[in-house]
Amino acid sequence: MASVTLEGISKIYPGDVYAVRDLDLEIHNGEFLVLVGPSGCGKSTTLRMIAGLEAISEGTLKIGDRVVNDVHPRDRDIAMVFQNYALYPHMTVEQNMSFALRMRKSPKSEIKERVAWAADLLGLQDLLKRKPKALSGGQRQRVALGRAIVRKPAVFLFDEPLSNLDAKLRVETRAEIKRLHRQLNTTTIYVTHDQEEAMTLGDRVVVMCDGLKRQSDSPLETYQRPADSFVASFLGMPPMNFFEGTLEQADGHLWFANEDARLRLDDAPVEWLNGESRRPIVAGIRPESFEITNADGETASAVAATVLVTEPLGSTMDVYLETKSGRRIVCRVAAAHLEEGQSVAAHVAPQAIHLFEPNQSGAAGSPTRYGRSLRAQGELV
Ligand SMILES: Nc1ncnc2c1ncn2[C@@H]1O[C@H](COP(=O)(O)OP(=O)(O)O)[C@@H](O)[C@H]1O
Ligand SMILES: [Mg+2]
């Protein structure tokens, strides 16, 4: 086992294309780290540089204490699992799994023992004599996992390994990967664009966008205290609602206000006002932070709206609302009866309101336009 350290790592493709920018990251010995972000943000490039499949343009990469920038992939003591399995079609499961050990001229008895151990761990005993074409997608991916673990490498690298599986199998294989990690405790770097996979698998989640690291925290911390509005909008489904408005001080409290609502804020530091009585701000509220009641109830700290559409999900439902000014809100609430067109009040607790700095220069419609979280900035002050 080993730690993996990236110091100022960049990947610059011809034409000055920065796929990864100045990435600092330390993956601890035995940690399960997930790199998550939208397509094209530089996840695979990062993983391929760690694997040695892509040259590093700038920075230093260490596995353990050893600088491996110029070390051949074969000599990095890592194993990588890809989305498309990459099994050898003409070899049996057993031959696929033993391939790397045979190449290394490991003793026959050891190869046999390792393959049996991995097959046992992954429930592949009955499939050892089959060729990949006689396997289902889920079985092929288990063989790919088996091929990686027989080598007992210091580090596992996964690049979207579940993307080709159907929904049910994806959840099952995800649990399998988590169980394997608990059992083997091997340092793991796992790449996905799927926020649910990231949240369920990672000891730590690194959110990337445009080749940059945006946040590196535990899944829960990332969800509860997103560093910026990009992270806030990327994690969570349905995504967080954003509202442009003003931050103001009155009656000994700070308030968020716009044409639709006046919401009391909980622990927003008064310094954010910079001595002004009000300033522009963006409020972020997660769909599950709302509670919906009849419009004739208590409406302080609530948004008045009408029901556009309801989407029943079983025990919960998603409710799409429209405010007086025409803003759309999505709320996830306990299943209940609501009529389309009905007037309601959407309530939110002060501590469930996230605040973000508006980004003056950003393009409207882009989730990155709001910039850094004031909550996160407050911690730095
Ligand atoms: N071989 C390449 N040549 C030029 N640009 C590339 C190459 N590979 C990837 N890129 C670019 O680098 C960026 C990051 O790609 P990638 O790491 O594959 O993203 P992800 O895995 O997060 O979807 C993208 O903009 C992509 O177009
Ligand atoms: Mg990729």
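Author: Start with helix α5, which gives the most to the lining of the largest cavity: four residues. Keep in mind that this is a predicted model. The largest cavity holds about 80 Å³ of space. Its lining has 13 residues. Among them, F156, F158, I177, L180 and H181 lie nearest the centre of the cavity. Two or more lining residues come from each of α4, β7 and α5. By class, nine residues of this lining are nonpolar and four are polar. No charged residue takes part in the lining of the largest cavity.

Now take α4. This helix covers residues 137–149, 13 residues in total. From first C-alpha to last, α4 reaches 19 Å, close to the expected 18 Å.

The relative accessible area of V115 is 4%, so V115 is buried. Leaving out residues up to four places away in sequence, V115 touches E94, M97, S98, L128 and V150. Compare V115 with K152: they are 37 residues apart in sequence. In space, their C-alpha atoms are 11 Å apart.

Next comes the largest pocket. Its volume is about 580 Å³. The lining of this pocket takes 19 residues. Nearest its centre lie I78, M80, Y88, A100 and R151. Here α4 turns up again: β6, α2 and α4 each supply at least two residues of the pocket lining. Sorted by class, the pocket lining has 14 nonpolar residues, one polar and four charged.

Back to the cavities. How many cavities of 30 Å³ or more are there? The count is two. The second largest cavity has a volume of about 50 Å³. Its lining is made of F243, F256, N258, D260, A261, L263, V303, T323 and R327. Five of these residues are nonpolar, two are polar and two are charged.

The domain assignment gives domain 1 (4–233) and domain 2 (238–380). The centres of the two domains are 38 Å apart, taken over C-alpha atoms.

Conventions. Residues are numbered from 1 along each chain as its sequence is written. Chains are lettered from A and ligands numbered from 1 in the order in which they are written. This is a predicted model: local features need pLDDT of at least 70, side-chain atom pairs count only at pLDDT 80 or more; totals for chains, interfaces and linings use all residues. Side-chain values use heavy atoms; hydrogens and water are left out. Domain bounds come from an automatic or database domain assignment. The expected span of a helix is 1.5 Å times one less than its number of residues. Buried means under 20% relative accessible area, exposed over 50%, partly exposed in between (1.4 Å probe, protein chains only). Contact means heavy atoms within 4.5 Å. On a 1 Å grid over the protein atoms alone, a cavity is a set of points where a 1.4 Å probe fits but cannot get out, and a pocket is an open set with protein on both sides within 12 Å along at least five of seven lines; lining residues have an atom within 4 Å of a point. Grid points are joined across faces, edges and corners, and a volume is the space filled by probe spheres set on the points. Ala, Val, Leu, Ile, Met, Phe, Trp, Tyr, Cys and Pro count as nonpolar, Asp, Glu, Lys and Arg as charged, and the others, Gly among them, as polar.
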